[in-house]
Amino acid sequence: MKNPIYVVGVDVGGTFTDIFVLDEAAGTVATVKVPSTRGDQSRGFVQGIRQRVADFAGIATIVHGTTVGTNALLERKGARTGIITTEGFRDVLEMRRRDRPTTWGLKGSFTPVVERTDRLEVSERVLADGSVLKVVDEEEVRTQARALAERGCEAACVFFINGYANNDNERRAVEAVRSVWPNTFVTSATEILPEIREFERVSTATLNAYLQPVVSSYLERLETALGEGGFAGELLIVQSNGGVMSAETARRYPVRTALSGPAAGVIAATAIARAAGLDNIITCDMGGTSFDVSLVADGKAALAAQTAIDFGMVVRTPMIEITTIGAGGGSIASIDKSGLLRVGPESAGSDPGPVCYGLGNDRPTVTDANLVLGRINPDRPIGGKLDRLDVEAARAAIEREIAVPLGLSIEDAAESVLRLANAKMAGAIRLVSIEKGHDPAKFAAMPFGGGGALHAGALIEEVGLGSALVPRFPGVTSALGCVVADMRHDRVQTVNRLLDDLDAGELGRQMAAVASEAESILERSATVFQQIDRLFELDMLYLGQTHSVSVPISIGEGGLTAAAIDAAFDTAYLEAFGRLLDGIPKRVMNFRVAVVGRRPDLDMRVFAPTGGKPAEACRTGTRRVYAKGSYHDVFVYERLDLAEGASIRGPAILEQPDTTIFVDPGLSAVVDGFGNLIMRRAGAR
């Protein structure tokens, strides 16, 4: 094959690996969902692509949303890491922010990813104003580095106090460590995060070092396997900010891959909604283990400056705001010690999976409940892992574990499991909408993942959402997000100056220089961009405040002025808090620069239903479904055969290879021009 024509998106989840293939020459798409391969995710990755692309030489670009880094953090399976830090500051990582695992708990415990014995000190000191009180002794650094390596540390992190103000000592120490370290896994805290606040800086840098050997090893295996298949194109990795980066950059900054897959899903959902004419959506990604929710307002996904992957494991790098709860298809239902029904957070995952998989699990899950109630076809399981689902085993598990203890019928017990799961999901939606001042009636839910479309109708009623938009291929939406994501690089630098004392022109020149440096990284990529955008922000606050507001600014040909900064701050602060604090000096804490390489837009008309049929012609039979306390005889439809404008009244089941959709009683659904299914209350417009 002479000219590569395929762009492939791959999202590896805990249960399934999703593949989305775009044929740029023909303008067609293909999808596949295969079981994830535990132990070595690259095997399922390559096997899945091979089902749709026989000759890897025909692939121009592969974009990958990975959970390798996230899983290593959650399961604490990163590399043994050592820290070299300023004398007297070895415990910053462990002291955190005096927080607790539960807000009202009387006790709690925290184990840092680096043991205290692997946190060594050297006598150096930089003051907060950047002046060097004591120059670092490079030989002392080398001695400590050798000690860490002899103890079995695979990665090292150098973290010096106030390094954000002057990184000369830290830079020299990093060079000293690299001169004796047995591999390339050496992280500089200031390179990862040159921003004030010492705990956040050491936490982010340490987690980066902790992940480097794990992510690098995975990418090396993946590139080897792809190369053996003939792939010679570019491998890109999705970042937690919704952009993509090269595999080489991912090796240096693996902490930026945390929540990579969920971020890709939000990017895809935003693009699909924009094409459908919707600016306000709430994405609902339901996989085998979790339910991930994110709010997109006015067509823009919200970015958070930091997030906690787990208690005490803080990552301060731009991330799409995603709320995650343990309510996936594999979430286990049980009765707790007080006799109350619980769903999750424990999950059966993909191995052994739900009871109906017949692979050894005997505790019922959300998937088992959907199966027992008739919402899932036992003869058509998604993912290709099984030929048939065991309905009787699922019924027996629900009867034994839920129905008998609660004195309910099997059906009512199964429906109770779904109601509780839906209530948890609704709570997550309220958290990102109502609790942040948004009216859910003005938003459409965007359910995706393998299980999201089974619960969309219930969430409309539970939360009061205006509608739900089920994309053409909801089971592989995150893989689609990999294909449509832009390349992005973010930078941050602490300023910590009062606006009255700031040389705004010099600040503008510094920000432009940082943007040029980030832009050069994009230019080294083989990716073709339609355009490259520069985005500038300042973190600002009033003197005496702790928390800052993000202030978008522009740097024109005339440069940056203090008056422009002052006006932009007033606008941002007024929008956030509704009033200004006249007479109080303003402080610029940090500047942020994002450089975004806009990749060619995917024409969403590739999903338009062509040659479709009216709803009646797409019926494949009927099935008894239990909903709202009684059985219903419902029509089953082949979803992908539906023509544009086809309308379906609930209750109804729509089936396709990557998911099943349940239209609840009292709801209706119609197919739009992009193949999406728009679900809303019957009679609503």
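This is a predicted model: local features need pLDDT of at least 70, side-chain atom pairs count only at pLDDT 80 or more; totals for chains, interfaces and linings use all residues.

**Strands, a helix and a loop residue**

Biologist: Over how many bridges do strand S26 and S28 pair?

Modeller: S26 spans residues 531-542, and its pairing with S28 is antiparallel. The number of bridges over which S26 and S28 pair is 12.

Biologist: How many of the 13 residues of S28 are buried?

Modeller: Buried here means under 20% relative accessible area. Strand S28, residues 586-598, is mostly covered, and the count of buried residues is 12.

Biologist: Which strands stand at the edges of the open sheet of 4 strands?

Modeller: The order in this sheet is S29-S30-S32-S33, with mixed pairing. Two of these strands have a single partner strand each, so one side of each is left without a neighbour in the sheet. From one strand to the next the twist averages 25 degrees. The edge strands are S29 (619-627) and S33 (659-663).

Biologist: Why is helix H13 largely enclosed by the rest of the structure, and which residues of H13 are buried?

Modeller: H13 runs over residues 456-463 and has 8 residues, 6 of them buried, so the rest of the structure largely encloses it. Those buried residues pack against several elements, including helix H12 (410-432), strand S14 (291-297) and strand S34 (667-671). The buried residues are Ala456, Gly457, Ala458, Leu459, Ile460 and Val463.

Biologist: Which residue follows H13, and what is its phi?

Modeller: The residue after H13 is Gly464. The phi of Gly464 is positive, near 85 degrees.

Biologist: Is Thr317 buried or exposed?

Modeller: Thr317 lies in the loop between strand S18 (313-315) and strand S19 (319-320). Leaving aside residues up to four places away in sequence, Thr317 touches Ser240, Arg256, Ala304, Ala305 and Gln306. Its relative accessibility is 11%, and the cut-off is under 20%, so Thr317 counts as buried.

Conventions:
Residues are numbered from 1 along each chain as its sequence is written. Side-chain values use heavy atoms; hydrogens and water are left out. Helices (H or I, at least four residues) and strands (E, at least two) are DSSP runs, numbered from the N terminus. Buried means under 20% relative accessible area, exposed over 50%, partly exposed in between (1.4 Å probe, protein chains only). Contact means heavy atoms within 4.5 Å. Two strands pair if DSSP finds at least two bridges between them. Axes are lines fitted to C-alpha atoms, for helices over the stretch in contact, and angles run from 0 to 180 degrees between N-to-C directions.
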